[in-house]
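Let's take a walk through a protein together. Keep the picture in view and look up each part as we get to it.

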Amino acid sequence: MSVPSIIAALAIPIILDRVLFRSKDPARTSRIPHSKERVVIIGASSGIGSELARVYAQRNAHVVVVARRLQLLEELVQELSPVAGSIHVVQGDVTSPEDVRRITVESLKALQGGIDTLIICAGAISVLPFEELAGIDAAKADNAPTTLESDADFSHLMPTNPQAALEASVRIMNVNYHAPLNLTSHFLPALTRTSAAGNIVVVSSMAGKLGAPTRSIYCASKHAAQGFFDALGMEVERTGVHVGIVSPGTVDTDLRQSAVDLPKPGSSTAGSDGSEPKKIAGTKKGAMTARACAEGIVRGSDLRQQEVVMPWFYSVSIALNLITPGLVRWLAKKKYGYL
Ligand SMILES: NC(=O)c1ccc[n+]([C@@H]2O[C@H](COP(=O)([O-])OP(=O)(O)OC[C@H]3O[C@@H](n4cnc5c(N)ncnc54)[C@H](OP(=O)(O)O)[C@@H]3O)[C@@H](O)[C@H]2O)c1
């Protein structure tokens with residue numbers, strides 16, 4: 001098979017898919033002009049979420065910013081009040097069911113009873129290799145007893161900290177998967193009934209598409225969100241609500257520093273007890289800015305794109321993963337220092 005025919009064989013299904021099956025709705029912005037759009041941004045106190053607030057405020061939208069760190073939200077409101085159509089703070093923890101209900105009620109109140117766009121951007125990450133987190137110490141197994149005693153408890157084969165891995169997983173799944181699901185339950189009725197073209201936009205990650213070493217729990221949570229919102233988008237399409245999933249690669253924010261499996265700054269385990277501070281694998285070289293990422297998310301929402309992969313060339317990795325998964329794994333291992 002010649003190279004041009006291989007390229008054609010790959011390109012034709014991609015083009016047909018885009019033309020025939022990928023819905024886009026560029027007319028949304030004429031049905032909902034920028035200055036009339038009512039937007040709730042979950043996870044807006046820093047990083048990508050606060051840039052999303054800036055982009056929407058600068059086009060005069062009506063914005064609600066939600067997160068736990070009240071002071072950061074209030075500073076954002078102070079900065080953006082002069083340009084936004086209106087901007088309001090709702091403080092809350094999205095992993096708390098009571099808070100999610102209150103966040104929904106207060107947001108709808110602030111937006112005069114309706115919503116057009118829900119952006120779920122809150123997220124949590126873990127950055128330690130799974131074996132390190134769970135205390136799976138290969139050296140200990142080398143000290144195994146040479147004979148098998150009748151009361152052997154196999155302690156030399158047990159992890160020393162399985163609870164830490166489980167707890168990290170529960171925390172991350174709660175923020176990255178259960179909270180988006182619960183927020184969707186709460187906001188979906190209002191999106192269906194009060195908007196001419198309601199949008200749910202979920203900020204997932206390339207970690208929702210491909211695996212990466214040291215990010216196993218994070219990848220699991222983003223894969224879960226990808227599956228849920230993929231399926232939900234098909235279910236609710238008939239109601240007029242659109243579901244978009246955004247998968248950025250590395251973005252230059254402080255997400256990694258707040259990883260659930262790192263000691264909190266100032267805690268006795270944050271390197272101050274003489275232990276080495278934990279090293280975070282994965283280069284940030286070539287990371288996109290939070291602003292560029294936010295602009296891409298807003299563009300995807302305006303066009304009602306089902307999938308946005310940023311930067312665009314990461315789409316190539318997703319396609320390559322089907323054809324040459326070994327190469328994609330090699331690239332991921334290289335990025336995270338596992339070669
Ligand atoms: N940075 C990257 O390289 C990258 C790449 C791909 C995808 N993403 C995704 O982008 C999203 C935003 O991350 P970021 O990079 O902008 O990091 P960030 O600056 O740490 O932002 C995380 C946001 O989530 C909020 N949040 C976390 N837990 C919350 C909770 N329980 N309740 C309410 N809000 C909560 C935080 O606010 P409070 O702490 O004030 O509550 C903060 O506003 C995440 O979903 C992340 O997975 C990031």
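**Strands side by side**

Strand β1 (residues 38-42) runs parallel to β4, and the two pair over four bridges. Here, strands pair if DSSP finds at least two bridges between them, and both helices (H or I, at least four residues) and strands (E, at least two) are DSSP runs, numbered from the N terminus. Before going on, note that this is a predicted model, where local features need pLDDT of at least 70, side-chain atom pairs count only at pLDDT 80 or more, and totals for chains, interfaces and linings use all residues. Residues are numbered from 1 along each chain as its sequence is written, and side-chain values use heavy atoms, with hydrogens and water left out.

Back to the strands: I41 stands opposite I119 in β4. β4 also pairs with strand β5 (residues 199-203), again in the parallel sense over four bridges, and there L118 has I200 as its bridge partner.

Which way do the residues of β4 point? T117 and I119 go one way, L118 and I120 go the other, and all are buried (under 20% relative accessible area; exposed is over 50% and partly exposed is in between, with a 1.4 Å probe and protein chains only). In a regular strand, side chains alternate between the two faces of the sheet.

Now find helix α4 (residues 70-80). Its buried residues are L73, L76, V77 and L80. Seen down the helix axis, they fall within an arc of 100°, so they line one face of α4; the arc is that of the directions from the axis to the C-beta atoms. On the other side, Q71 and Q78 are exposed. The buried residues of α4 pack against α3 (47-58), β2 (62-67) and β3 (86-91).

Next, look at the loop between β5 and α9, where you'll find S204. Is S204 buried or exposed? S204 has a relative accessible area of 5%, so it counts as buried. Leaving aside neighbours within four places in sequence, S204 is in contact (heavy atoms within 4.5 Å) with K222, I245, V246, S247 and P248.
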